[in-house]
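This briefing is meant to be read with the sequence and the coordinates at hand.

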Amino acid sequence: MGGIQWRYLGEDAIEISNISSSIHVQLGLRDYLKGFPKLGIVSFMLTDKTLTLVSEKYGFMSVSHIIDRVAAYQHKVDENVMLPLSIIPICYDEAFALDQLKLEGICKLDYEEIISLHLNAEYTVAMFGFMPGFPYLNGLPLSLSIPRLKSPRKIIPKGSVAIANEMCGIYPNQTPGGWHIIGRSPLSLFDPLKDDVLPLKLGQRVKFQRISKKDFDGFTPN
Amino acid sequence: MDLPLIRIINSGNLSTLQAASRFGFSDFGIPESGFQDKISAQLANWLVGNKRFNTLIESYANYFEFEVINDCSMGVQGACSEIRINGQSVSLDQGHHLTVNDRIQLFNNTHGAILYLAMTGGFTGTEVLGSTATDITNGLGGLNGLPLASQDILKGSKFNTPRQTRSIPEGLLSRRYFSKNVTVHVIAGPEAYLFTKEVIDNFYSHAFVLSAEISRVGYRLTGHPIYADSYNIPSKTVLPGTIQIPPSGDPIILMADGPVTGGYPRMGVVAKVDQPILAQLRSGGRVRFLACLPEDARLREANQRQWIEELYHK
């Protein structure tokens with residue numbers, strides 16, 4: 001089984017760890033494995049350099065077959081069609097930036113500096129998790145990389161944009177949660193009744209665009 | 001066309017419509033949902049001639065009451081100690097034909113937590129991403145994504161003509177695995193390496209108490225805190241049955257509506273075959289963990305599936 005590292009997650013799933021940190025390589029490997037239906041894999045989940053594979057019904061009769069395929073995968077650059085850059089409107093008004101004071105304190109920056117760091121970065125959708133449609137965005141500047149809140153907030157409003165641990169995320173619905181809230185987006189990120197359930201896609205590049213409170217209030221999703 | 005079948009008079013605690021899980025959307029961040037005790041649920045559906053995953057009611061109620069709006073047939077399994085139809089006690093382990101205006105009361109003083117109530121043809125629920133299972137955390141499926149409440153009217157297929165009533169064979173009753181003290185098998189998790197051998201030995205040799213914090217998202221255990229060497233790990237995939245160890249030391253076992261990723265060390269995963277036993281434990285009950293290999297867990301699950309399939313194909 002070569003140098004591939006893997007572990008069980010329950011009897012029906014394995015996790016292959018330390019695959020590339022590039023989401024494009026991760027997606028390439030996932031799509032490559034999808035090309036072998038006989039492996040019996042029914043669910044593919046990407047999280048931080050890790051690919052979790054859930055097997056069909058009676059379990060993994062063929063872990064070694066899967067590992068062999070993983071070992072055989074060779075990523076060809078530019079194999080993936082680049083998705084268009086997604087622009088996400090964000091309002092940093094103090095009514096929305098619930099953790100403004102904390103962020104200023106921890107990062108030792110004033111809020112306009114924090115905003116400009118956040119706005120200038122380009123992000124990549126690395127995974128969805130925590131709740132339906134919650135995108136984990138890679139690319140947060142290191143100077144904004146801070147630990148989670150010590151105790152989670154009971155209610156985080158829908159659309160809140162938040163940061164923690166080198167990641168930026170957007171809460172698609174109201175929920176409890178533990179990330180620092182930097183602003184709010186009026187965009188709808190999860191609608192199970194639409195054909196396009198998630199407007200953002202894995203691997204897609206994302207930039208934030210600042211809008212005023214007035215624009216936020218008048219925002220109509222198209 | 002659907003017909004209104006019943007009106008709920010007392011919905012009890014945490015009652016939802018459940019069905020086949022919303023499987024295959026974990027990469028969108030969407031939980032599986034579905035039956036927490038697959039055995040009891042499938043037995044309830046079998047009692048009324050349904051398919052295994054027809055939409056039914058799952059409830060943590062100690063008391064559930066409804067009245068019948070249109071004739072239908074009912075099958076109850078799981079945590080129920082008495083069924084009364086218009087005040088008369090009837091058998092627990094067979095299907096019952098109900099007629100308009102009947103009043104049905106379900107009581108639970110068993111050691112189990114969850115009852116299942118199926119109607120011939122199944123209840124009607126909102127289908128979201130291929131499943132009618134309710135996920136109340138995210139407002140998906142079921143009856144508008146909400147838990148069932150008193151006065152709710154549940155619809156069902158108008159083709160719910162009663163078929164022959166069935167009785168569950170004695171050895172297969174779901175009540176047989178309800179207990180105040182349960183043992184469940186656990187497959188070592190990906191972060192087991194973050195715990196010292198001593199801590200792991202402790203984990204597998206002490207009983208934990210199920211706290212009052214139970215929901216379809218997770219069950220929190222208490223009474224025997226477990227500590228990892230480090231908690232500094234990125235969020236990784238979690239599945240129903242995953243045992244997470246947060247810094248407080250009180251393990252959280254994720255259930256059917258659990259999130260798809262979690263950032264706490266994953267000590268292990270409860271074997272699928274034993275997940276119904278765990279789901280049925282009541283607050284205050286005790287659970288012990290027994291280490292097992294994935295192959296053994298798979299074999300036992302295959303046996304469990306086999307007897308259910310045989311029952312359905314008889």
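## Briefing on a predicted two-chain model

In chain B, strand E5 (residues 72-78) and strand E10 (residues 115-119) pair in the antiparallel sense over five bridges. Within this pairing, Met74(B) stands opposite Met119(B), a residue of E10(B). The model is a predicted one, and the points below should be read with that in mind.

**The open sheet of chain B**

- E5 and E10 belong to an open sheet of five strands in chain B, which has the order E2-E3-E10-E5-E8 and antiparallel pairing.
- The edges of this sheet are formed by strand E2 (16-18) and strand E8 (96-98) of chain B, each of which pairs on one side only.
- Averaged over the sheet, and with direction ignored, neighbouring strands are turned by 35° against each other.
- Helix H1 (residues 38-47) of chain B lies across E2, strand E3 (56-59), E5 and E10 of chain B, and its direction runs at about 155° to E5(B).

**The barrel of chain B**

- Chain B also has a closed barrel of seven strands, running E12-E19-E16-E17-E14-E13-E20, in which the pairing is mixed.
- One of the pairings joins strand E13 (residues 208-214) and strand E20 (residues 286-291) of chain B, which run in the antiparallel sense and share two bridges.
- Phe208(B) stands opposite Val287(B), which lies in E20(B).

**The two domains of chain A**

- Chain A is divided into domain 1, covering 5-72, and domain 2, covering 86-217.
- The centres of these two domains of chain A, taken over C-alpha atoms, are separated by 29 Å.
- Where the domains meet, five residues of domain 1 of chain A are in contact with six residues of domain 2 of chain A.
- On the domain 1 side of this contact, helix H1 (23-34) and E3 of chain A each supply at least two residues, and the largest share, three residues, comes from H1(A).
- By class, that side of domain 1 of chain A has three nonpolar and two polar residues, with no charged residues.

**Helix H4 of chain A**

- Which residues of helix H4 (residues 111-120) of chain A are buried? They are Ile114(A), Ile115(A) and His118(A).
- Seen down the axis of H4(A), the buried residues fall within an arc of 100°, so they line one face of the helix.
- In general, an α-helix has 3.6 residues a turn, so residues three or four places apart point the same way.
- The buried residues of H4(A) pack against helix H3 (100-107), strand E12 (180-184) and strand E13 (205-210) of chain A, whereas Glu112(A) and Asn120(A), on the other side of H4(A), are exposed.

**The contact between chains A and B**

- The contact between the chains takes 29 residues from chain A and 29 residues from chain B.
- On the side of chain A that touches chain B, at least two residues each are supplied by strand E1 (5-8), strand E2 (13-17), strand E3 (41-47) and strand E4 (50-55) of chain A.
- E3(A) gives the most to this side of chain A, with six residues.
- Sorted by class, the residues of chain A on the side that touches chain B are 16 nonpolar, nine polar and four charged.

Conventions
Residues are numbered from 1 along each chain as its sequence is written. Chains are lettered from A and ligands numbered from 1 in the order in which they are written. This is a predicted model: local features need pLDDT of at least 70, side-chain atom pairs count only at pLDDT 80 or more; totals for chains, interfaces and linings use all residues. Two residues are in contact if their C-beta atoms, placed from the backbone, lie within 7 Å. Helices (H or I, at least four residues) and strands (E, at least two) are DSSP runs, numbered from the N terminus. Ala, Val, Leu, Ile, Met, Phe, Trp, Tyr, Cys and Pro count as nonpolar, Asp, Glu, Lys and Arg as charged, and the others, Gly among them, as polar. Two strands pair if DSSP finds at least two bridges between them. Domain bounds come from an automatic or database domain assignment. A residue is buried if 20 or more other C-beta atoms lie within 10 Å of its own, exposed if 12 or fewer, and partly exposed in between; C-beta atoms are placed from the backbone. The arc is that of the directions from the helix axis to the C-beta atoms. Axes are lines fitted to C-alpha atoms, for helices over the stretch in contact, and angles run from 0 to 180 degrees between N-to-C directions.
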